[in-house]
Amino acid sequence: MSSFDVVVIGAGAAGLYCAALAGQRGLKVLLLDHNERIAEKIRISGGGRANFTNRDLDVRAPQRHFIGDNPNFCRSALSRYMPQQFIELVQRHGIAFHEKHKGQLFCDGPSQQIIDMLLAECAAGHVAHWQPCSVGDIAFSEQGGYQMETSRGSVKAPRLVIATGGLSIPQIGASDFGYRIATQFGLRVVTPRPALVPLTFGGEAWEPYAGLAGLALPVHIETGSKKERMSFLEDLLFTHRGLSGPAVLQISSYWRPGAPLTIDFAPGTDVATSLGEAKQRSRKRIVNELSGLVPSRLADAWVGQDAALQRPINEAADRALAALAERITRWQITPSGTEGYKKAEVTAGGVDTRDLSSQTMESKQPGLYFIGEVADVTGWLGGYNFQWAWASAHACAQALALDSKADAIMSG
Ligand SMILES: Cc1cc2nc3c(=O)[nH]c(=O)nc-3n(C[C@H](O)[C@H](O)[C@H](O)COP(=O)(O)OP(=O)(O)OC[C@H]3O[C@@H](n4cnc5c(N)ncnc54)[C@H](O)[C@@H]3O)c2cc1C
């Protein structure tokens, strides 16, 4: 049986970074993954350029860009490991990067650079890698710690870190392993659901808009009511099956089945007043006037649905123009569903953070830690999910090192 100070299961963003930091603090670490190719999500992230953090993370309220049933849980780890610390690591490795939009930092070159950087950090910590390596039964005893059967033999360690991520993109190795281990040890799991995911709209109601596939435009999008209301000002993309683009991905994390979305296709424009003024001075058709305010394909789709709007604007009834303005700026539509885990960038829900320490990521089960996406912490689009992976890995590695030191003192 092989023996280590720590076994980290899952060599993605969080697992690689945690293993590296723990190894560099003098711990004997084994990092294992069931996939032959590790960190596949880093490789495909950010369109192949890894949006590895976000400079706009709010220092005073870092939890503002994250969702979870226990919203303040992520605050401690995020405020103890800020984007600047990861940026400095990236700079030390000579990786060139740029800011794209709203604080989002991307590599200039391929995202493989981030994987290589994390592997170099693991090498500096003398981390042992086993992959592909599947893990079977895991047993725990007070004296022996965690003992597990793997496809490369039996392993034991006093501490076990689960970094197996969420359920998104099963075709590159996602699994429910983390949730199963949590349940095995009596921890709660918040029901997982796809997030940062395109939304679908079925049936006849969608037919007038199906021809808009490929159209992208900035919108204001909103869902929920009262305290639960959430909105974003971002780009939206019409697809063959529904809506996507940053605005829709962001709102999807807050959307609940059955709830409508409200979309303003002309944010910052007073469409009702503009159409009213056009009626006074113009004899152009309504669709042509509307095309000055929103993309003409969108104007065609909206005006085309109403016979009363197929005329010059000076002949239109005030009421018809007001109703058109309302539909353009407060379009209400209820998604039929999401594109699911095959297209979701992340999984919301996961190991219930009420059963984890926000300081250390250790669960109520002694010596068992959960980091990264497997926990019920979901970031906004734009580098926040990787920042959570780095910050939770850092908090966990710090705790692992302290606990091991304490063990050494206790054993004389
Ligand atoms: C297409 C796409 C683009 C994205 N782009 C960005 C972006 O630009 N910026 C951003 O911040 N976030 C992005 N994300 C989200 C980000 O990739 C994840 O939030 C992040 O990778 C989570 O890190 P993690 O280490 O918790 O899990 P992962 O990176 O998913 O790693 C989990 C690891 O565990 C392994 N594993 C799973 N099950 C087992 C098992 N049973 N046994 C052993 N090993 C197992 C997997 O093979 C994998 O290597 C993107 C996600 C997707 C899908």
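This is a predicted model: local features need pLDDT of at least 70, side-chain atom pairs count only at pLDDT 80 or more; totals for chains, interfaces and linings use all residues.

A polar contact is a pair of N or O atoms within 3.5 Å; within protein, one atom must be able to donate a hydrogen and the other to accept it, and residues adjacent in sequence count only if both atoms are side-chain atoms. Residues are numbered from 1 along each chain as its sequence is written, and side-chain values use heavy atoms, with hydrogens and water left out.

**Ligand surroundings**

- A backbone N or O atom of histidine 34 lies 3.2 Å from a nitrogen atom of the ligand.
- The protein covers 92% of the 1,000 Å² of accessible area that the ligand has on its own (areas come from the Shrake-Rupley method with a 1.4 Å probe; for residues, only the protein chains shown count as cover).
- The ligand is surrounded by 30 residues, of which Ala14, Asp33, Ser175, Glu373 and Phe386 are the closest (a residue is near a molecule or strand if one of its heavy atoms lies within 4 Å of it).
- This shell consists of twelve nonpolar, 14 polar and four charged residues (Ala, Val, Leu, Ile, Met, Phe, Trp, Tyr, Cys and Pro count as nonpolar, Asp, Glu, Lys and Arg as charged, and the others, Gly among them, as polar).
- At least two shell residues come from each of α1 (13-24), α2 (40-44) and α13 (384-410) (helices, H or I with at least four residues, and strands, E with at least two, are DSSP runs numbered from the N terminus).
- The helix α13 gives the most to the shell, with three residues.

**Strands and sheets**

- Four strands form an open sheet in the order β1-β11-β10-β9, with mixed pairing (two strands pair if DSSP finds at least two bridges between them).
- β1 (2-3) and β9 (135-141) stand at the edges with a single partner strand each, so one side of each has no neighbour in the sheet.
- β9 pairs with β10 (residues 145-150) in the antiparallel sense over five bridges, and phenylalanine 140 has tyrosine 146 in β10 as its bridge partner.
- Eight bridges link β15 (residues 216-223) and β16 (residues 230-238) in the antiparallel sense, with leucine 217 opposite leucine 236 in β16.
- β15 and β16 form a hairpin with six residues between them, and glycine 224 in the turn has a positive phi of about 80°.
- A hairpin of three residues joins β16 to β17; β16 and β17 (residues 242-244) pair in the antiparallel sense over two bridges.

**Two buried serines**

- Serine 253 lies in the loop between α8 (246-252) and β18 (261-264), and counts as buried because its relative accessibility is 2% (buried means under 20% relative accessible area, exposed over 50%, partly exposed in between, with a 1.4 Å probe and protein chains only).
- A polar side-chain atom of serine 253 lies 3.3 Å from the backbone nitrogen of leucine 196.
- Leaving aside neighbours within four places in sequence, serine 253 is in contact (heavy atoms within 4.5 Å) with Ile67, Arg193, Ala195 and Leu196.
- Serine 76, found in helix α3 (residues 75-80), also counts as buried, at 15% relative accessibility.
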